[in-house]
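Here is my note on the strands in this entry. Please read it with the model open.

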Amino acid sequence: MEEQYNPQKIEEAAQRLWDERNCFKAVEAVNQEKFYCLTMFPYPSGRLHMGHARVYTIGDVISRYQRMLDKNVMQPMGWDAFGLPAENAAIKHNIPPAEWTHKNIDFMRNQMKRLGFGYDWSRELTTCSPSYYHWEQWFFLKMYEKGLVYKKNAEVNWDPVDQTVLANEQVVDGRGWRSGALVERREIPQWFFKITDYADELLNDIEKLEYWPDQVKAMQKNWIGRSEGTEAIFSAESCDLTVFTTRPDTLFGVTYLAVAPKHPLAEQAAKNNPAIQAFLDSCKNIKVAEADMATMEKRGLPLGLNAIHPITKEAIPIWVANFVVMEYGVGAVMAVPAHDQRDYEFAKQYDLPIKQVIIPTDQTIWDFAKGAYTQPGELIDSMQFTGLASKMAIPQIIEFLENHGKGKRKINYRLRDWSISRQRYWGAPIPIIYCETCGAVPVPEEDLPVILPEKVEFHGVISPLKSTPEFYETTCPTCKKPAHRETDTFDTFFESSWYYARFACKKQDNMMLDGRANYWVPVDQYIGGVEHAVLHLLYARFIHKALRDLGLLNSDEPFMRLLTQGHVLNKGIKMSKSKGNIVDPDTLIDRLGADTVRLFIIFAAPPEQNLEWSDSGVEGAHRFLKRLWAFAYENKETISKQNNALVAEEINLDEMDHKHRDVLRQIYEILDQTRFDYERLQLNTVVSGCMKLLNILNKMPDTTNMRDHDFIIHKGMSFLLRLLAPIAPHITHQLWHDLHYKGLLIQAPWPKCNAGPLKMDTIELVVQINGKLRTRITVSSTADVKTIEETALADAKVQLSTTHKVIKKVITVPGRLVNIVTGDA
């Protein structure tokens with residue numbers, strides 16, 4: 001064993017051994033519990049940044065820990081390789097996107113290997129490979145056959161910089177999610193997936209996602225946006241206007257209707273009214289994100305038209321307004337200024353009537369100078385419904401509308417069908433052929449894949465596919481006449497919506513998925529950014545259910561557990577090239593080793609929180625590893641002697657002296673706590689436990705009883721190396737070998753906690769009030785939950801802190817803590 005810690009040497013050796021022995025190769029084993037750990041695969045942008053290093057380290061730590069529990073672990077890696085950056089780089093540097101992409105993949109794969117990630121590289125996939133998108137095209141055709149794919153002219157979000165369509169989910173604060181350009185509105189032909197057919201199931205099954213963050217589940221619920229209400233029909237001169245409302249109890253307070261700028265009534269009125277036409281022109285580039293729609297200035301014009309109220313028969317003026325969107329509902333809304341804040345602001349701006357028809361149930365007078373009254377209450381000035389509570393009036397008003405043919409019950413969704421067409425080159429071709437005689441014709445399955453030509457000439461940002469005859473020109477498979485191919489390509493979120501299942505079916509060239517997918521899927525632990533909550537994660541849930549309905553999967557959800565990691569910050573802001581605060585992982589690996597990078601990443605913050613970069617923290621992590629190495633070197637003879645003599649388990653704990661029993665008890669407590677922390681993914685406190693354990697071993701009590709001393713050094717180091725192995729796998733691998741522990745550390749099981757003879761008669765528990773430490777209590781080690789809670793509540797400090805408070809509940813974690821949740825009396 002070398003005296004000095006040499007991370008570069010030991011890391012290269014460990015990685016070479018793992019590779020030679022296929023340590024991370026996953027094979028289906030029906031008699032062994034499986035664990036599929038997956039981190040969202042990266043776009044091959046060129047280099048890994050520290051955000052990549054963090055999220056992939058977290059995934060690798062989880063995988064290595066689960067392997068120690070004797071689970072059959074699969075952790076694959078691949079590349080989300082299609083997309084605009086490659087195409088833009090090709091235009092800028094005159095290099096084919098495929099060449100640029102594959103060079104980047106080679107570089108980033110090497111970076112991942114240097115960090116020691118335990119991937120099954122035999123399962124590596126690249127989404128720009130025909131062997132991958134072949135089956136994506138096949139799936140599209142199956143969805144087409146089922147009526148879940150359609151094409152229509154649609155007003156879309158147009159990114160003027162990237163020159164392509166964006167789905168609603170890809171518009172962030174009115175800007176393209178990748179380019180940052182202000183989004184425009186255009187109407188062009190688009191292919192759509194009917195994700196709305198799955199809206200109810202997508203919403204209802206959120207309840208099955210027990211181990212997803214509440215924030216993500218709430219975001220998905222909000223995006224699907226199921227609302228129950230009624231349609232009401234207002235009759236105009238040339239057409240009926242159908243509006244949707246969740247508050248039919250406010251129907252008698254309608255003082256105007258508003259239609260979208262694209263509504264036929266507005267377009268017809270504009271033909272003879274230049275002011276209206278100018279207003280419609282000004283609305284063409286309005287921001288489309290909901291946050292922008294909510295905060296932008298509300299503008300409109302009267303159309304000079306009226307519609308008849310479905311119950312009162314009053315004439316209601318029709319306006320065109322910039323806050324009404326054509327594709328949501330039917331492009332018209334009823335406006336109730338007294339009971340809707342947006343309608344109120346618009347009415348105030350244009351001096352429109354505000355008619356109160358709901359009063360608070362306590363009969364207080366509402367001050368409309370401060371805004372609309374938006375709560376339920378009691379109806380007034382509402383004909384036969386006057387005096388009813390909102391809850392009672394709503395079903396009666398709906399019934400009245402239905403009986404008179406003026407409306408019906410309706411469930412609406414905020415979710416729109418998924419636009420999957422993109423007007424760029426570097427993506428999977430959509431397998432459709434256009435024939436003047438036969439129209440749009442699906443490509444026959446035997447002719448798949450439709451291969452994207454990789455040698456093309458760019459002329460600006462416009463896709464070169466139409467000017468590439470060998471791709472564009474073809475023959476109609478139905479009538480055999482000349483035809484041409486679809487030049488739109490798939491939204492790249494399509495590729496990332498099913499890759500997790502394809503990982504399970506390596507070297508499968510004859511079908512999209514086989515039976516192995518049902519062995520591995522669903523993913524047991526999925527890791528990635530919260531920014532994908534209503535993009536990738538929603539799309540993947542939809543595609544998974546569609547694959548199930550095609551008979552290719554037998555589960556309802558793709559991901560059992562979800563961890564959304566925080567960002568890596570430097571000087572208080574997210575690392576980025578534009579901010580000049582990037583830290584290069586390779587530079588740190590060259591200087592301090594991959595284990596130092598991994599250890600700092602895990603120790604600096606809990607996985608779900610933001611991590612603030614600290615050079616001193618990195619140096620501190622490196623010092624800990626050097627201390628670990630030095631301790632092992634100083635005690636190598638003692639530990640090796642114990643291993644060689646095979647006497648490590650022969651000590652009778654009842655005969656051990658008090659001091660050594662206490663040290664051993666502390667070690668077992670750390671082992672128990674660390675297991676608990678790994679399970680709840682509080683990985684930073686795992687590192688704390690390892691540091692505490694090394695300190696205990698370094699401060700062993702002076703003794704002449706070398707038998708007990710050597711036993712604890714041996715056992716404690718055995719525990720420490722295994723506890724730390726998922727986080728710092730290289731140094732622990734080498735020390736395990738140098739200290740002559742049995743076999744390879746990568747194959748060693750999690751330590752068994754045989755601490756029964758060491759348990760204390762009493763234990764100390766932390767007592768928190770609303771999560772904050774207030775005191776500690778001592779109870780019997782065998783005390784039940786009731787006794788623990790009674791002791792905590794009887795504590796003088798607790799009683800003082802809860803005076804004039806209501807104790808809502810008491811949460812007890814046996815052996816660890818009591819948390820008392822209080823509220824105001």
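Predicted model: local features only at pLDDT ≥ 70, side-chain atom pairs only at ≥ 80, totals over all residues.

1. Start with the parallel sheet. It is open and has four strands, in the order β2-β1-β26-β27. At the edges sit β2 (72-74) and β27 (559-564), each of which pairs on one side only. From one strand to the next, the twist averages 20°.

2. Look next at how β26 meets β27. Strand β26 covers residues 523-528, and five bridges link it to β27 in the parallel sense. For a landmark, find V523: its bridge partner in β27 is F559.

3. Helix α2 spans residues 50-68 and lies across β1 (34-39), β2, β26 and β27. Relative to β1, helix α2 runs at about 170°.

4. Turn to strand β12, residues 256-259. Which way do its side chains point, and are they buried or exposed? Y256 and A258 point one way, while L257 and V259 point the other way. All four of these residues, Y256, L257, A258 and V259, are buried.

5. Strand β12 has an antiparallel pairing with β15 (residues 332-335), made over four bridges.

6. L257 is the residue to check, as it stands opposite I318 in β14.

Notes:
Residues numbered from 1 in each chain as written. Heavy atoms only, no water. Pairing = 2+ DSSP bridges. Helix = DSSP H or I, 4+ residues; strand = E, 2+ residues; numbered from the N terminus. Axes fitted to C-alpha atoms, helices over the stretch in contact; angles between N-to-C directions. Contact = heavy atoms within 4.5 Å. Buried < 20%, exposed > 50% of the residue type's maximum accessible area, 1.4 Å probe, protein only.
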